[in-house]
Amino acid sequence: MTGAFAEADVALRGVTKSFGPVVAVDDLTLEIPRGIFLSLLGPSGCGKTTTLRLIAGFEQPSQGDIFIRGQRVNLVPAYRRDFSMVFQNFALFPHMTVANNVAFGLRMRRLPRDEREARVRETLALVHLAGFEDRYPRQLSGGQQQRVALARAIVVRPAVLLLDEPLGSLDRKLREEMQVELRQLQQEIGITTVFVTHDQEEALTLSDRVAIMNGGKIEQIATPRELYERPATDFVANFLGVSNIFDGRVAGRDGEDALITIGPIQVRVPWEAGLEMGGPIRVAVRPEKIRLGPHDEKEGLPARVRHVIYLGATTHFYLEGPEGQSLVVHVQNISPDTAPWTPGDEVSCHLEPKSVFVLRKG
């Protein structure tokens, strides 16, 4: 393997996986550099879990090649691939102590007893479970069991850590705590990690890169900030958070900016290749990047308030635009009278500068 693929800890080149007439993964090419935490994010049936199982060797590709640290592993069985995996159900051995659960992979590799015990102690300290060696899984909380599962995975020092929604069975508060711990652990040991989740917030919290999957393909792969601030397609814009999408027209060009007409207002976006003067364009803006003002303010998009939902830190306004379009605006509740509007009120929507992004076709 040569070129950029040789630099990746995990690489998929033109990988397709079909189950009869169903194409679960469709001509997927992906590079995961060493030490990166990558999340595969998408709705059920998008191909993210199948992609993880292909890397692990639990499924074989119908076409294409899979590499781990430069080695083509298409024909290498799962037990000989250099990875560890953590599942949602933890899969701990109930009859074994914490120490024996963590040491299981080391025993399979026939490491000497002294080295096994030293590695187990070191790894349990890393996941904040020193002193829990002699307990059994039934004596642990859900979060502690999850840390044991992680310790068992990393104690063998694999090239790649694969995580299949490992926090899905935890309650919300514990899940949020474990997200922070998992991220800190991954950064401390520097292991290349591939994480499958359908939870957008979880992917944003944990990842260096997020790959949004849809229909067996990657719609967009980028940093969490890039994905949220500049989603490339309608699907990404609406799957990762909420977006207000507008059909506009390219009215002109001013330096590096395109001037876009949306109804009665004009906004600026960075000029991109493929834009045509007078041509149609599809743009979007996040709900928190629209400012509401009195209906008589000039240079705003007129709208009518339909519903108001108070959520403590923010108030969500559901509006009807000038052509019946549904809009959503999130207002930060800085003071008790920050957002005084009620259903039926006429308002003016102002799109914050540099907040509008262009959506590509498809």
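This is a predicted model: local features need pLDDT of at least 70, side-chain atom pairs count only at pLDDT 80 or more; totals for chains, interfaces and linings use all residues.
Residues are numbered from 1 along each chain as its sequence is written, and side-chain values use heavy atoms, with hydrogens and water left out.

**View 1. The whole protein.** The secondary structure comes to eight helices and 20 strands; helices (H or I, at least four residues) and strands (E, at least two) are DSSP runs, numbered from the N terminus. Along the principal axes, the C-alpha atoms fill a box of roughly 80 × 50 × 40 Å. Of the 362 residues, 50% count as buried. Buried means under 20% relative accessible area, exposed over 50%, and partly exposed in between, with a 1.4 Å probe and protein chains only.

View 2. Arg 119 is buried, with a relative accessible area of 14%. Leaving aside its neighbours within four places in sequence, Arg 119 is in contact with Leu 106, Leu 111, Val 155, Val 156 and Arg 157. Contact means heavy atoms within 4.5 Å.

**View 3. Helices H2 and H3.** The axes of H2 and H3 cross at roughly 125 degrees and come within 9 Å. That makes H2 oblique to H3. Axes are lines fitted to C-alpha atoms, for helices over the stretch in contact, and angles run from 0 to 180 degrees between N-to-C directions. Angles under 35 degrees count as roughly parallel, over 145 as roughly antiparallel, 65 to 115 as roughly perpendicular and the rest as oblique. From H2, the contact uses Val 98, Ala 99, Val 102, Ala 103, Leu 106 and Arg 107, and from H3 it uses Arg 116, Arg 119, Val 120 and Leu 124. By class, these residues are seven nonpolar, no polar and three charged. Ala, Val, Leu, Ile, Met, Phe, Trp, Tyr, Cys and Pro count as nonpolar, Asp, Glu, Lys and Arg as charged, and the others, Gly among them, as polar.

**View 4. Helices H2 and H4.** H2 (residues 98-108) and H4 (residues 142-154) pack at an angle of about 30 degrees, with their axes 7 Å apart. H2 and H4 are therefore roughly parallel to each other. Val 98, Asn 101 and Val 102 of H2 meet Val 148, Ala 151 and Arg 152 of H4. This contact has four nonpolar, one polar and one charged residues.

**View 5. The largest nonpolar core.** This core has 34 residues, and those with the most contacts inside it are Val 102, Leu 124 and Leu 163. A nonpolar core is a set of buried Ala, Val, Leu, Ile, Met, Phe, Trp, Tyr and Cys residues joined through side-chain atoms within 4.5 Å. H2, H3 (113-126), H4, strand E7 (160-164) and helix H5 (172-189) each supply at least two residues. H4 gives the most, with six residues. Beyond its neighbours within four places in sequence, Leu 163 has contacts that include Phe 37, Leu 52, Leu 150 and Phe 195.

**View 6. Helix H1 and the residue after it.** Seven of the nine residues of H1 (residues 48-56) are buried, so H1 is largely enclosed by the rest of the structure. Among the buried residues are Lys 48, Leu 52 and Ala 56. Just after H1, Gly 57 takes a positive phi of about 95 degrees.
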